[in-house]
Amino acid sequence: MKLKRVFPMLMMAGTLVAAMPSCKSKVSDADLKAKVETVINGHQGITTSVKDGVVTLEGFASSEAEKIQIETDVKAADKSIKSVVNNIIVQVTAPAAISVNTVDESLAKGIVDATKDFPTVQATVKDGVITVTGTIEKAKLVTLKQALDNLHPKKVDLSAVVTK
């Protein structure tokens with residue numbers, strides 16, 4: 001008889017134990033957003049939104065490493081964060097403009113060094129434009145062109161060069 005009374009009580013206790021984890025208090029999206037914004041406070045231009053524990057990051061970072069670091073910091077902000085959607089865009093800064101060398105004397109000195117390994121070609125410069133004549137192997141033409149381009153003239157004219 002006692003077993004008939006104890007069994008229902010054990011069943012009820014088991015049900016309560018099983019139901020308790022689902023009753024734990026969840027962190028609200030507003031609280032998560034506040035924690036995330038505290039973490040990313042040092043990164044200007046980043047905005048966040050939180051919905052159902054999923055954090056979305058938007059804005060701009062100066063490098064891929066910074067973008068990844070922000071995501072890592074956000075994930076560590078709270079265990080209640082389910083996932084992070086990282087929509088941060090890495091801004092690539094434009095390289096500094098390369099100045100064009102239009103000083104013929106300076107270019108002429110550079111041409112001597114650039115063409116020393118190519119005895120079958122001749123190069124002249126006028127008004128910042130390097131004009132190349134002569135013959136050269138196709139494989140060596142690219143190397144010559146790169147060497148002359150590194151002098152930063154207005155233009156390198158290879159139209160009079162004959163390739164073998």
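Visitor: In which helix do E71 and K75 lie, and how many residues apart are they?

Guide: Side chains of opposite charge can pair when their charged atoms come close. Here, E71 and K75 both belong to helix α3 and stand 4 residues apart, about one turn of the helix. Helices (H or I, at least four residues) and strands (E, at least two) are DSSP runs, numbered from the N terminus. The side chains of E71 and K75 form a salt bridge, 3.1 Å from N to O. The term requires a side-chain nitrogen of Lys or Arg within 4 Å of a carboxyl oxygen of Asp or Glu.

Visitor: On what basis are such values given?

Guide: This is a predicted model, in which local features need pLDDT of at least 70 and side-chain atom pairs count only at pLDDT 80 or more, while totals for chains, interfaces and linings use all residues. Residues are numbered from 1 along each chain as its sequence is written, and side-chain values use heavy atoms, with hydrogens and water left out.

Visitor: How many salt bridges does a search of the whole structure find?

Guide: The search finds 4. One of them joins D78 to K35, with the closest N and O atoms 2.4 Å apart. This pair links distant parts of the chain, 43 residues apart: D78 is in the loop between α3 (64–75) and β3 (83–90), and K35 is in helix α2 (residues 29–39).

Visitor: Is D78 buried or exposed?

Guide: Buried means under 20% relative accessible area, exposed over 50%, and partly exposed in between (1.4 Å probe, protein chains only). D78 counts as buried because its relative accessibility is 12%, whereas K35, at 37%, counts as partly exposed.
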